[in-house]
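The sequence and structure come first, and the notes follow.

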Amino acid sequence: MNIACEALSRPTATASDVERWRSDFPLLRERVRGRPLVYLDNAATTHKPRAVIDAGNDFYAHYNANVHRGVHTLSQRATDAFEAARLKVQCFINAAAPAEVVFTRGTTDAINLVAQSFVRPMLAHGDEILISAMEHHSNIVPWQLVCEQTGAILKVVPINDAGEFQFQAYELLLGARTRFVAISQISNALGSITDIERVVALAHARGVPVLVDGAQAISHVSVDVCTSDCDFFVFSGHKSFGPTGIGVLYGKAARLRAMPPYQGGGDMIRSVTFEKTEYADIPQRFEAGTPNIAGAIALGVALDYVAAIGVDAIVTHERDLLRYATRQLSCIPGLRIIGNAKEKAGIVSFILDGVHPHDIGTVLDGEGVAIRTGHHCAMPAMQHFGLPGGTARASFALYNTQQDVEALVAAIHKVRRTFR
């Protein structure tokens, strides 16, 4: 991205807007090594607003009980709140029905569920699964396991040197033996945004179902599973201002009903005898055992929080920050941004001449600036760019500011002085 150093743009969200958002997040008031925290590791996990923290605490303090299994008041309250959270997810992603929303432990768990329950039974030796070269390991390893189990072949759609999905190659790879496509909407390592509607349309034209990894997309772009027409969409709560240990698998009802259970146990059954078990309908057949009740309830509150601000407002603010950061960082001698897709989310990966990314992260931590360094669980993407040590990565969320970017830039200049 060739951006001049002059005429630096500024975020369009007003200072009072962002300060109001920031005030909702208790952890942003922490200090690190005696300095105010500048948190730029949002692609790894986002912080939680007070409302989300309170929602989890409120469950444990006032109506802690198991769901779906009790006639007593606390169990009924817990069940109502748990199922209300499912309805919130349905509305947020525009699913057709609450039954299309399965609560999981996170994106990784959801992908493995689809891999083993939906994809594995359909595969024969020599069949093919397509992913892209910029996938997170969570959208690589489960498919490798399925290929090892069935004799199927994993095919990889290449990216260009800007970090963009190559549609011409994708169309050529979609063949008679293609059985499934699994693609990230936003690259966690590069910030590249892939046109998911186009990915799905091309696959569906050949009768191939598609899973979209929405871990980075869920709170940073507008998500509409009906518009995209994807067969499956997965995301994690902790990357969308919700708790850790909770996630979502969206699946079209017909797809889910055709899938055998992934795990067996309580709450996923209709009846059990020693001779035969009849499974519950969706989504319960995929939610064996006691779920993360507090996590699901708090995730619903997190999505309410995002919806109240408005995804469009968040997108505008984060893209303005991205443009500002890209221009500022491009002015630093010896710094090179990795991944310059035309369509990008608020993620900037970079390297600095002569300095290992881990050293960059260490010096920045001393300045109170938290970034991610290394391969970002995307080793193949780093290999594409010839970066065995990975990159340093700054990633933005709704509570980040222009001052955060300036603190990042100042800290990088200290890195340059330290390793001169």
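## Aromatic contacts

Phe25, Phe241, Tyr305 and Tyr399 form a cluster linked by ring pairs. The model is a predicted one, and the count of aromatic pairs in it comes to 15.

A pair of aromatic rings is described by the distance of the centres and the angle of the planes. For Phe82 and Phe103 the ring centres are 5.1 Å apart and the planes stand at 50°, so this pair is tilted; an angle under 30 degrees would count as stacked and one over 60 as edge-to-face. Phe82 belongs to helix α3 (residues 73-93) and Phe103 to strand β4 (residues 101-104), so the contact ties together parts that are 21 residues apart in sequence. Phe82 has 0% relative accessibility and counts as buried. Phe103 counts as buried too, with a value of 7%.

## A second tilted pair and a charge over a ring

The rings of Phe180 and Phe232 have a centre distance of 6.3 Å and planes at 50°, so they also make a tilted pair. The cut-off for pairing is 6.5 Å between centres. Phe180 is in strand β7 (residues 178-184) and Phe232 is in strand β9 (residues 232-236), so the pair ties together parts that are 52 residues apart in sequence. Both Phe180 and Phe232 are buried.

Another ring, that of Phe167, has a charged group over it: the charged end of Arg198, at 4.0 Å from the ring centre.

## Strand β14

How many of the six residues of strand β14 are buried? Six of the six residues in β14 (residues 347-352) are buried, so this strand is largely enclosed by the rest of the structure. In a regular strand the side chains alternate between the two faces of the sheet. In β14, one side carries Ile347, Ser349 and Ile351, the other carries Val348, Phe350 and Leu352, and both faces are covered.

Strand β14 pairs with strand β13 (residues 335-338) through four bridges, and the two run antiparallel. Within this pairing, Arg336 has Ile351 of β14 as its bridge partner. Four bridges also join β14 to strand β17 (residues 391-395), again in antiparallel direction. Here Ile347 stands opposite Ser395 of β17.

Ile269 has a relative accessible area of 30% and is partly exposed.

## Backbone features in loops

Which peptide bond is cis, with omega near 0°? The bond is the one from Ile282 to Pro283. Pro283 is placed in the loop between β12 (277-279) and α10 (293-309).

His68 is not a glycine, yet its phi is positive, at about 65°. The residue is located in the loop between α2 (50-62) and α3. With a relative accessible area of 29%, His68 is partly exposed.

Cys377, also a residue other than glycine, has a positive phi near 55°. The loop that holds Cys377 runs between β16 (372-374) and α13 (379-384).

Technical notes
Residues are numbered from 1 along each chain as its sequence is written. This is a predicted model: local features need pLDDT of at least 70, side-chain atom pairs count only at pLDDT 80 or more; totals for chains, interfaces and linings use all residues. Side-chain values use heavy atoms; hydrogens and water are left out. Rings of Phe, Tyr and Trp (its six-membered ring) pair if their centres lie within 6.5 Å; planes under 30 degrees apart count as stacked, over 60 as edge-to-face and the rest as tilted. Buried means under 20% relative accessible area, exposed over 50%, partly exposed in between (1.4 Å probe, protein chains only). A charge sits over a ring if NZ of Lys or CZ of Arg is within 6 Å of the ring centre and within 35 degrees of the ring normal. Two strands pair if DSSP finds at least two bridges between them.
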